[in-house]
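Biologist: I have a structure open. Please show me how to read its features, with the cut-offs.
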Amino acid sequence: MSAPDPSFAGATRRASPLIEVPDAPIPLHDFEPARPDAVPIEIGPIGHFGATAISPRPHRHTFYEICLVTAGRARHAIDFTEHPARAGSLFTIVPGQVHAWHDTQELAGQILLFTEDFLHAGPSATAPAGEWAFLHGLAAAGPLRLDPADAEAIGRAFDALAQEFRRDLPARASMLRAQLQTLLIRLLRLADATPRGTAAADPATALAQRFRTLVLAHGDTERALPFYARALNVSVAHLHDQVRRTTGRTPGQLLRSHTALEARRLLAHSALRVSEIGHRLAFDDPSYFSRFFRRETGLSPGQFRARIREKYPH
């Protein structure tokens, strides 16, 4: 893999583009480019982003992050699962996931940040909704463990993006977006997340991807299937059949799984009372929220909070 570009040495002195959103129940990092008119993407060595990028404090983002580890080691906890980070590890972090870095030892690599709007803008905006939803599948599956040849190839793709990012050339945003999307497709193929030739051609797969994207955007407070069916311009029955055929789970099961995960995040990483968490997740009755949580996880909210904080005190 290519060595870090020395031209970033000056860039490391620039203030980190990562800022913390105030009053979020779980620490929330937003991405603020250097200038208001700047392209909402940034790439550089881990050190370029400061300690915020590899914080041991559990936090989440409003943006996507892809981290390629090239040296050193660490433990990377993502939504209650801990992963070893070492050379050749590639992590995809999507908006909403809670993660933290622990026991970092001479950790080196590159970090790529970009927003949802940037990914979907430009000519690809005419592509089917949910085209890039596989990123959430990559994130949920844990890190890619790249062999040396693949790590070298992905490292070169990162280097090309970094080189374009530092230039002020015509059509810079379009070139960055094209290189970003090419990198993402390479990651998809390495992960073999979608059988070749099926994703674009199968309407059921596309519908399920669009449904998952909507759940990520609205699932914290909206659990009525007619809402999603209307947004997708299909009937509830059609949505149920197609999502179940594609994912093996019903839309209702996916919605409940999303709600339970967000409840676990808030219980583990916020100081909100159980009743406040239930209210944030659109449960009018705290006792109903507790019954829902026990049914989905096998524990009461209080039991889960006690166990997770014993395991991960912070």
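Biologist: Is Asp103 buried or exposed, or something in between?

Modeller: Buried means under 20% relative accessible area, exposed over 50%, and partly exposed in between (1.4 Å probe, protein chains only). Asp103 has a relative accessible area of 48%, so Asp103 is partly exposed. Bear in mind that this is a predicted model: local features need pLDDT of at least 70, side-chain atom pairs count only at pLDDT 80 or more, and totals for chains, interfaces and linings use all residues. Residues are numbered from 1 along each chain as its sequence is written, and side-chain values use heavy atoms, without hydrogens and water.

Biologist: Which side chain meets Asp103 in a salt bridge?

Modeller: A salt bridge puts a side-chain nitrogen of Lys or Arg within 4 Å of a carboxyl oxygen of Asp or Glu. Here Arg75 meets Asp103, 2.7 Å from N to O. Arg75 lies in strand β5 (residues 64–78) and Asp103 in strand β8 (residues 99–114), 28 residues apart. Helices (H or I, at least four residues) and strands (E, at least two) are DSSP runs, numbered from the N terminus. Arg75 is partly exposed, because its relative accessibility is 30%.

Biologist: How many salt bridges are there in the whole structure?

Modeller: Nine. One of them joins Arg60 and Glu262 at 2.8 Å, N to O. Arg60 is in strand β4 (residues 60–61), Glu262 in helix α8 (residues 251–269), and 202 residues separate them. Arg60 counts as buried at 12% relative accessibility, and Glu262 does at 5%.

Biologist: Which residues form a network with that pair?

Modeller: Salt bridges link Arg60, Asp79, Glu262 and Arg265 in a network.
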